[in-house]
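Me: I'm new to reading protein structures. Can we go through this one together, one question at a time?

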Amino acid sequence: MTSATSSRYALILAGGSGQRFWPISRDALPKQLLKLFGDKTLLEMTVERLEGLLPKENILVLTNKVQEAGVRALLPQLPAENIIAEPEKRDTAPAIALAVGWVVARDPSATMMVLPADHLIQNKDEFQRVMTTAMQAAEVGNALVTIGIKPTWPCPSYGYVERGRRAALPGIEDSGGVYEVVRFREKPNPDLAEHFISQGTFTWNAGMFIWTIPAIFSELSRHCPALADFISELRGSKDFMATVAQQFGKLPKLSIDYALMERASRVLNVEATFDWDDVGNWTSVGRYLKCDGDGNQHNCAFSQIGAANNLVFSQTGQHVALLGVQDLIVVSAGDALLVTSRAHAENIKKLADLLPAKLK
């Protein structure tokens with residue numbers, strides 16, 4: 001690793017609930033801890049994408065107490081102190097402030113990226129190229145940087161970022177793909193999303209952020225001083241985790257978009273040229289499964305007569321047979337079975353709320 005990479009850090013956000021992929025997922029086994037795409041989990045794949053980009057000692061994974069054991073079991077290659085469980089859920093801004101404090105204690109002039117643990121990105125080389133450009137933009141531009149996904153359809157469930165002119169960043173080879181951000185837009189209705197796409201200046205907000213520690217601390221001091229004070233406490237603490245335990249629950253519950261990104265003095269957007277899927281529900285998973293001539297997607301031994309456009313996922317390896325049905329999602333987890341229509345994939349989370357405690 002070069003001196004530049006040794007001063008670069010990554011926070012992987014690996015909390016979240018396990019409801020959207022029930023019955024395979026549970027509270028202690030959310031999407032990022034599942035093997036939905038082969039023999040590795042999304043969390044493992046996220047860590048592997050960083051190999052060669054920065055030292056493993058510079059990777060921090062933030063999870064919660066329910067999922068901590070599972071995260072540690074998956075990532076034995078990381079130092080034990082690099083995996084931290086939040087004392088309680090306080091949204092993304094306090095979580096990121098905790099991580100900034102962790103980095104500040106090691107290198108107050110470092111560059112830091114924030115990455116979700118539950119996105120599917122398969123092109124590692126292109127991912128690293130884009131993230132290198134983003135880190136350089138943060139360092140040269142003294143700005144907070146977002147990664148933007150080029151919209152492929154008018155999705156109403158994503159946040160959008162409106163871009164302005166290209167950023168003037170001398171000395172960066174790939175600066176042609178870096179833009180000034182005009183504003184962040186909340187999740188739009190379908191008509192407004194269609195309008196955004198027609199403009200050609202909007203990207204999806206991928207929830208990936210890059211900044212230098214001085215830049216993020218300066219912006220937090222201006223817009224959310226409670227979080228800046230927390231970071232200062234962590235930097236001066238003789239017992240990092242004790243300070244987290246004492247102070248974290250007192251922090252305001254805010255998303256990083258609302259607390260900071262929408263208010264910062266300068267935000268840049270780098271368009272992602274790598275593949276990306278946030279894998280929002282079972283329908284998303286189906287795109288990566290085997291598919292027969294009738295549109296039936298499956299990961300297991302499968303037979304059918306007169307069945308079309310179904311998704312079958314079995315964690316147990318049992319043979320699944322379908323007869324005369326269409327547009328179903330059938331998921332077997334051994335102790336539970338889900339059968340629903342594709343149209344109701346987004347409502348599985350609501351169903352999970354009604355389940356017996358032993359199945360959550």
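Me: Is Cys155 buried or exposed?
Reply: Keep in mind that we're looking at a predicted model. The relative accessible area of Cys155 comes out at 2%. Buried means under 20%, so with 2%, Cys155 is buried.

Me: And how many disulfides does the structure hold?
Reply: Take Cys291 as an example: the nearest cysteine sulfur belongs to Cys300 and is 13 Å away. A disulfide needs two cysteine sulfur atoms within 2.5 Å, so Cys291 is in no disulfide. For the whole structure, the number of disulfides is zero.

Me: Which class does Cys291 fall into: buried, partly exposed or exposed?
Reply: Cys291 has a relative accessible area of 47%. Buried stops under 20% and exposed starts over 50%, with partly exposed in between. That makes Cys291, at 47%, partly exposed.

Me: Glu162 has a polar contact with which side chain?
Reply: Glu162 lies in strand 6, residues 160–166, and counts as buried because its relative accessibility is 16%. Its neighbours in contact include Glu180, Val182, Arg183 and Phe202. The polar contact, at 2.7 Å, is with the side chain of Arg183.

Me: Where do the buried residues of helix 9 sit, seen down its axis?
Reply: Helix 9 covers residues 240–247, and its buried residues are Phe240, Thr243, Val244 and Gln247. In general, an α-helix has 3.6 residues a turn, so residues three or four places apart point the same way. Here the buried residues of helix 9 fall within an arc of 105°, so they line one face of the helix.

Me: What do those buried residues pack against, and which exposed residues does the face turned away carry?
Reply: The buried residues of helix 9 pack against strand 3 (83–86), helix 4 (92–104) and helix 8 (225–236). On the face turned away from the buried side, the exposed residues are Ala245 and Gln246.

Me: Which strands are at the edges of the open sheet of five strands?
Reply: The order in this sheet is 10-11-13-15-16, with mixed pairing. Inside it, strands 13 and 15 pair in the parallel sense over four bridges, and Leu311 stands opposite Ile329. The edge strands each pair on one side only, and they are strand 10 and strand 16.

Me: Which residues make up the covered face of strand 14?
Reply: Strand 14 pairs with strand 12 in the parallel sense over four bridges, with Ile305 opposite Leu323. The uncovered face of strand 14 holds Ala321 and Leu323, while the covered one is Val320 and Leu322.

Me: What joins Trp22 and Pro23?
Reply: Pro23 has its place in the loop between strand 1 and helix 2. Omega is about 10° where Trp22 meets Pro23, and the bond joining them is a cis peptide bond.

Me: What is phi of Asn142 near?
Reply: Asn142 is in the loop between helix 5 and strand 5, and it's exposed, with a relative accessible area of 56%. Phi of Asn142 is positive, though the residue isn't glycine, and the value is near 50°.

How values were computed. Residues are numbered from 1 along each chain as its sequence is written. This is a predicted model: local features need pLDDT of at least 70, side-chain atom pairs count only at pLDDT 80 or more; totals for chains, interfaces and linings use all residues. Side-chain values use heavy atoms; hydrogens and water are left out. Two strands pair if DSSP finds at least two bridges between them. Helices (H or I, at least four residues) and strands (E, at least two) are DSSP runs, numbered from the N terminus. Buried means under 20% relative accessible area, exposed over 50%, partly exposed in between (1.4 Å probe, protein chains only). A polar contact is a pair of N or O atoms within 3.5 Å; within protein, one must be able to donate a hydrogen and the other to accept it, and residues adjacent in sequence count only if both atoms are side-chain atoms. Contact means heavy atoms within 4.5 Å. The arc is that of the directions from the helix axis to the C-beta atoms.
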